[in-house]
Amino acid sequence: MSVLKGKKILLGITAGIAAYKTASLVRLFIKLDAEVKVIMTPASKDFITPLTLSTLSKNPVHSTFYSKEDENELWNNHVDLGLWADYMVIAPATANTLSKMANGTCNNLLLATYLSAKCPVYIAPAMDLDMYKHGSTKASLDKLQAYGNAIIPATSGELASGLVGEGRMAEPEDIVAFLKNDILEKLPLKGKKLLLTAGPTYEAIDPVRFIGNHSSGKMGFAIAMAAANLGAEVFLIAGPSHQKIKHSLVHRIDVVSAEEMYIQAHKYFKNVDIAILSAAVADYKPKNIASQKIKKKDTTLDIALEPTKDILASLGAIKKNQYLVGFALETNNELENAKSKLKRKNLDAIILNSLQDKGAGFATDTNKITIIDDSLNEKSFPLKSKKEVAKDIIAEIVLKVK
Ligand code: CTP
């Protein structure tokens, strides 16, 4: 999945011949499932039409604060546009626009939006070679970089003037690649390794029967995805579950029983920074597994059970620098029980879901959680989809491990 999927990209186009390439740029962003809005400087409309860009971006294109022709048209609010964007890309950026941006001039919609934007801004300069080499252009670029903007360097080649040299706007594919790499590099969990247990465990009674539970694994798989989306390498130890997951940073290790989950969790724990144990591990397993299928009889059948190993507690006992998070599913005295579990199992945080809350718990698509940290601070969240809950959990952990 691309880091740009679902992201809102505001493309600012200024008056350079390379503006014709922005049709491809918009198309590439759309193909990656990003949302695109375009703002143009008035002069850039001589190089590419707003109709082309609005058709490709599936959004209206703005170049003025309001339209003089249409008195019913609303003010194009530069503050809203700036806040809407996850990323702003200014391509091509002419020497004139670079200079205005560097000095805080805002005499058009694009410049006013740039000054209002709070998101990362990427600038792809394009101009003739002598303009690009000029001290004042270099000074503008240095200043813009110092303000925290990312500059996508111009490349060398034949320019519109016929001269050959540096000043060509980076190709649309290279602009997209630059954004993707930069975003991946800056992800808050980049370089972190995370161990996650998810789903139920099945404890065999005989070759065809088992003791299990109704856990679907949805919560754990959503956490795996949320963590990977923020750059973590995830080792997902999954009990039997129909959930599917596809992400280059997620390694899925399938297990069946609590014992197998214990072995795999211990194998990975030493090398991770974070461990989240969301699995609904069976607390008991049959003492003996019958080697043949147990035959039906008219008498009652007693199966002797023995406790499984508590994976979470065993990791709490050996943890060094790992940030260890457990789950608590409680039906009564929820907060008290969760806090005592946190201390007993030597955790850094515990996530409580109460079975008393409607929509929380097993096999639902929603969950309602309270996160308690090791200082016993509580943070309660409203009922949300498990995907949103997963994002909340990972966002809290990011704050602790950064
Ligand atoms: N857990 C575990 N290994 C077990 C049992 C539980 O790793 N054998 C983990 C779960 O993944 C969860 C946490 O322990 O993160 C809490 O599980 P829960 O069943 O709520 O608590 P228990 O410790 O089993 O205590 P109780 O059943 O008394 O509530």
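Good morning, everyone; the domain assignment of this chain gives two parts, domain 1 covering residues 8-186 and domain 2 covering residues 193-401. What we are looking at is a predicted model, so please keep that in mind as we go through it. Taken over C-alpha atoms, the centres of domain 1 and domain 2 are separated by 46 Å.

Let me turn now to one pair of helices, α10, which spans residues 258-269, and α11, whose axes come within 10 Å of each other and cross at roughly 25°. Because angles under 35 degrees count as roughly parallel, we can describe α10 as roughly parallel to α11. As for the handedness, α10 passes α11 in a right-handed crossing.

Which residues meet where these two helices are in contact? From α10 we have A258, M261, Y262, A265, H266 and F269, and they meet I311, S314, L315 and I318 in α11. If we sort the residues of this contact by type, we find 8 nonpolar and 2 polar, with no charged residue.

Is G316 buried or exposed? Its relative accessible area is 2%, and since buried means under 20%, G316 is buried. Leaving aside residues up to four places away in sequence, G316 touches L324, K345 and N346. Finally, please find D348 in the structure, which is 32 residues from G316 along the chain, while the C-alpha atoms of the two are separated by 9.1 Å.

Technical notes
Residues numbered from 1 in each chain as written. Predicted model: local features only at pLDDT ≥ 70, side-chain atom pairs only at ≥ 80, totals over all residues. Heavy atoms only, no water. Buried < 20%, exposed > 50% of the residue type's maximum accessible area, 1.4 Å probe, protein only. Contact = heavy atoms within 4.5 Å. Domains from an automatic or database assignment. Axes fitted to C-alpha atoms, helices over the stretch in contact; angles between N-to-C directions. Helix = DSSP H or I, 4+ residues; strand = E, 2+ residues; numbered from the N terminus. Parallel < 35°, antiparallel > 145°, perpendicular 65-115°, else oblique. Left-handed = near helix turned anticlockwise from the far one by under 90°. Nonpolar A, V, L, I, M, F, W, Y, C, P; charged D, E, K, R; others polar.
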